[in-house]
Amino acid sequence: MPVVKERNENHFCDDETGSAVSRARRTRVVVVQPCQRLSELKRQYVARDISYRITDFFIFCQRYPGLTEKQKKLVQNTWAVIKKDEVGSGMAVMTAYFKKYPDYQRHFTAFMDTPLNELPANKRFQAHCASIITALSNVIDSLHDPGLMEASLIGLAERHKKRGQTEEQFQNLKEVILEVLRQALGRQFTTEVAEAWSKTLDVVFTKIYQVFAS
């Protein structure tokens, strides 16, 4: 029988109308052993408008993705700036990623032996970078259709899981994406925009982590 511990933690789900659920309310956060079945956890704990942290990933409330309408618009409007140059934006992400985590480049056989400073001229690298921005665009464009967004993320996660990529690698990628967004958007990356993006990427990567854990 898995060990289940409970602790109090703030919860940050927002309702679909855009009004924040009280952040002062305390909710249970259930920490379990990884061997406990996800289906059992859903039946036991996901009943109301709350999110629970379960080992290294989250199960979100039924009002997933939990972003206000204003936050969705902030993300989509700022993403429009990034996706104008799919290749350039994708290269900014991937070069920053490989610079910070050089060992990860070996997972990309098409350009695994290409020196970092030569990657921008590599057409296969450019193509991969553009595909990353395209994949993110599909997710951002479907923020108002959680079912479609989830389907896109499941397909993306399953492909990368088969290639042997890990949750840790995706978590590190998430942090790099946020930093690239901050640099690319400059003054547009306000505190409000940063919060909207952080919540969006939490939703996106949570679904990816769930697929990796299944």
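Buried means under 20% relative accessible area, exposed over 50%, and partly exposed in between (1.4 Å probe, protein chains only). This is a predicted model, where local features need pLDDT of at least 70, side-chain atom pairs count only at pLDDT 80 or more, and totals for chains, interfaces and linings use all residues. Residues are numbered from 1 along each chain as its sequence is written, and side-chain values use heavy atoms, with hydrogens and water left out.

**View 1. Helix H6 and its buried residues.** Helices here are DSSP runs (H or I, at least four residues), numbered from the N terminus. The buried residues of H6 are Gln169, Phe170, Asn172, Leu173, Lys174, Val176, Ile177, Val180, Leu181 and Leu185. Their cover includes H2, H3, H4, H5 and H7.

View 2. Gln169 sits in helix H6 and is buried, at 8% relative accessible area. Its side chain makes a polar contact (a pair of N or O atoms within 3.5 Å, one able to donate a hydrogen and the other to accept it) with the side chain of His107, at 3.1 Å. The Gln169 side chain also reaches the backbone nitrogen of Thr166 at 3.1 Å.

**View 3. Trp197 in the nonpolar core.** A nonpolar core is a set of buried Ala, Val, Leu, Ile, Met, Phe, Trp, Tyr and Cys residues joined through side-chain atoms within 4.5 Å. The largest one has 46 residues, and Phe98, Trp197 and Ile208 have the most contacts inside it. H7 gives the most to this core, with 11 residues. Leaving out residues up to four places away in sequence, Trp197 touches (heavy atoms within 4.5 Å) Val75, Thr78, Trp79, Ile140, Leu178, Leu181 and Phe189.

How values were computed: Helix = DSSP H or I, 4+ residues; strand = E, 2+ residues; numbered from the N terminus.
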